[in-house]
Amino acid sequence: MAGLTEALDGLAAADLKPLVGPVLLDRLRGLLTAQNRLAAEVARTVRECELNGAAEHDGLKTMASWLRGHARLSAAAARQLVHNGRALEQLPALAAAHAAGRVTAEQVAVVEPITRPDNRAAAAERGVDLAEIDRVLAGLATERPHAELRMAVHRHLAWLDQDGPEPDPTEGRTLRLATHPDGHLSFRGDLDPVGGEKLQTALEALVQAG
């Protein structure tokens with residue numbers, strides 16, 4: 001790690017003002033590749049920490065909580081980093097591309113949902129070879145625009161869940177409240193039978209309470 005720190009210090013000390021466009025772009029390409037490689041190592045290390053229960057040495061139960069406290073990541077970012085580490089363990093082709101700097105952490109996050117237990121179980125039921133999906137998606141991630149990778153993952157997940165999500169029972173409910181300048185309150189809305197029953201129960205409880 002000392003060598004890495006020294007290299008980063010050297011990069012930070014470089015004067016960019018004398019550099020021209022093509023040289024700056026070459027530098028940027030190298031930095032982006034290095035950023036991806038570092039992200040891969042971070043995810044791999046987070047996964048190993050999780051497997052070893054390393055967070056417990058700091059009195060914490062999960063790596064997500066450790067990342068929130070010690071790396072000051074948001075809850076969403078910490079959770080995604082943990083998920084990326086788990087996903088890369090199951091997707092060797094994508095992991096290799098990430099480690100080589102050809103795939104970003106964001107792309108890994110796009111692919112990660114296919115490795116979740118429910119989706120892996122659905123894929124197994126349909127005879128899907130996860131290794132083949134890994135190979136195809138790694139190719140898309142390294143060769144095609146980000147939107148195509150996202151669409152491919154979306155199609156895969158939609159194919160696994162052809163019945164679609166359960167309908168939202170509250171979708172048809174509406175309730176609008178308007179407070180007028182004189183303090184009066186007017187309201188209007190539309191509720192399904194379940195919502196209507198709940199509202200009536202709540203109103204009756206208020207009336208009975210005086």
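Glu 112 and Arg 116 are joined by a salt bridge whose closest N and O atoms are 2.8 Å apart; the term denotes a side-chain nitrogen of Lys or Arg within 4 Å of a carboxyl oxygen of Asp or Glu. The model is predicted, and local features need pLDDT of at least 70, side-chain atom pairs count only at pLDDT 80 or more, and totals for chains, interfaces and linings use all residues. Residues are numbered from 1 along each chain as its sequence is written, and side-chain values use heavy atoms, with hydrogens and water left out.

The two partners of this bridge can be described by their accessibility. Buried means under 20% relative accessible area, exposed over 50%, and partly exposed in between, with a 1.4 Å probe and protein chains only. Glu 112 has a relative accessible area of 3% and is therefore buried, whereas Arg 116, at 35%, is partly exposed.

In total, the structure holds 8 salt bridges. Among them is the pair Glu 50 and Arg 86, with an N to O distance of 2.5 Å. This pair links distant parts of the chain, since Glu 50 belongs to helix H2 and Arg 86 to helix H4, 36 residues apart. Helices (H or I) are DSSP runs of at least four residues, numbered from the N terminus. Glu 50 is partly exposed because its relative accessibility is 23%, and Arg 86 is partly exposed at 34%.

Another bridge joins Arg 135 to Glu 132, the closest N and O atoms again being 2.5 Å apart. Because these residues are 3 apart in helix H8 (residues 130-143), about one helical turn separates them. Glu 132 is partly exposed, with a relative accessible area of 35%. Salt bridges that share partners also join Arg 47, Glu 50, Arg 86 and Glu 89 into one network.

Attention now turns to helix H9. Trp 159 is found in this helix, which covers residues 146-160, and its relative accessibility of 38% makes it partly exposed. Leaving aside neighbours within four places in sequence, Trp 159 is in contact with Arg 126 and Val 128, contact meaning heavy atoms within 4.5 Å. The charged end of Arg 126 sits over the ring of Trp 159, 5.0 Å from its centre. For this description, CZ of Arg or NZ of Lys must be within 6 Å of the ring centre and within 35 degrees of the ring normal.

His 156 also has its place in helix H9. With a relative accessible area of 13%, His 156 is buried. Residues up to four places away in sequence not being counted, His 156 touches Ile 114, Val 128 and Ile 133.

A nonpolar surface patch of about 810 Å² is made by Met 1, Leu 4, Leu 8, Leu 11, Leu 25, Leu 28, Leu 31, Leu 32 and Leu 38. Helix H1 (2-13) and helix H2 (21-52) are the elements that give two or more residues to the patch, and H2 provides the largest share, 5 residues. Patches are made of residues with over 30% relative accessible area and no salt bridge; like charges are joined within 9 Å, and nonpolar side chains (Val, Leu, Ile, Met, Phe, Trp, Tyr) within 5 Å. Accessible areas come from the Shrake-Rupley method with a 1.4 Å probe, and for residues only the protein chains shown count as cover.

One backbone feature remains. Most residues other than glycine have a negative phi. Arg 72 has a positive phi of about 55 degrees although it is not a glycine. Arg 72 is placed in the loop between helix H3 (63-70) and helix H4 (75-90), and is exposed at 68% relative accessibility.
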